[in-house]
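Here is a short briefing to read alongside the model. Take a look at the fold first, then follow the aromatic side chains with us.

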Amino acid sequence: EELEQRRHPVRRRHLDQPGEVVTQEPETPASHADGTGRVFAAMALVGAAGLGFEVAWTRALHLILGPSVYAFTAVLAVMLTGLAVGGLAGARLCAGPDESRRRLAINLWALAAAGLAVIPLFTQLPFLFLEAYAAADGSFWVLQAGYLGLCALVLAVPAALSGAAYPLAVAAAGGRAAAGPVYAWNALGAVAGALAVGHVAV
């Protein structure tokens, strides 16, 4: 009996009644039962939306700030800074899988709301740019600071929320072992979003 249970730990033979065999089904692994697949899908959508937004916002800001390397650098600097700050904040918010999934859902709803909220700002950016240009009074560095300020006005909050999603998703999917798959799904979504927005939507 001991040898049988070692070979088949999920089976238990009850010898109280001869000839009766009771088989216990294996439990469903937690990695499949806790919504990990939905976390991966959500991170793919986050990647698609994040890179899609970045392509669209970069295009829109270039129409206002001009297609210069300085304008592109300002957009990139704000995006990366927002991702870094959001990642640090998200890491502090991580908890157990259930609580992390709840916090990830709140974060994603906030990200969607922030993405929609910045759309009306684009109609005001040309006027804000003219004010920043006049305030610079010919100073190159003051103008660059104005570029950064305008980019931050539009990109900072969505970028930070995107950055916070990754550590929360890793915690929601079970911890360190899920870091690779979460990143992979996020990256695949980002590629798809960038291609879709860059070649279809814009």
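The chain has an accessible surface of about 12300 Å², and carbon and sulfur atoms contribute 66% of that area. Please keep in mind that this is a predicted model. Of the 202 residues in the chain, 35% are buried.

**Overall fold**
- The chain contains 8 helices and 2 strands.
- Read from the N terminus, the order of elements is α-β-β-α-α-α-α-α-α-α.
- Among contacts with a separation of 6 or more, 77% join residues 24 or more positions apart.

**Aromatic pairs**
- You will find 4 aromatic pairs in the structure.
- One of them is the tilted pair of Phe 129 and Tyr 133, with 6.3 Å from centre to centre and 40° between the planes.
- Both residues sit in helix H6 (residues 125–136), and because they are 4 residues apart there, about one helical turn separates Phe 129 from Tyr 133.
- Phe 129 is buried at 14% relative accessible area, whereas Tyr 133 is exposed at 51%.
- Another pair brings together Phe 140 and Trp 141: the ring centres are 5.0 Å apart and the planes meet at 80°, so this pair is edge-to-face. The cut-off behind that label is an angle over 60 degrees.
- Phe 140 is partly exposed, with a relative accessible area of 36%, while Trp 141 is exposed at 67%.

**Aromatic cluster**
- Phe 129 and Tyr 133 also belong to a cluster with Tyr 147, linked through ring pairs.

Key:
Residues numbered from 1 in each chain as written. Predicted model: local features only at pLDDT ≥ 70, side-chain atom pairs only at ≥ 80, totals over all residues. Heavy atoms only, no water. Phe/Tyr/Trp six-rings, centres within 6.5 Å; stacked < 30°, edge-to-face > 60°. Buried < 20%, exposed > 50% of the residue type's maximum accessible area, 1.4 Å probe, protein only. Contact = heavy atoms within 4.5 Å. Areas by Shrake-Rupley, 256 points an atom, 1.4 Å probe, with all protein chains shown as cover.
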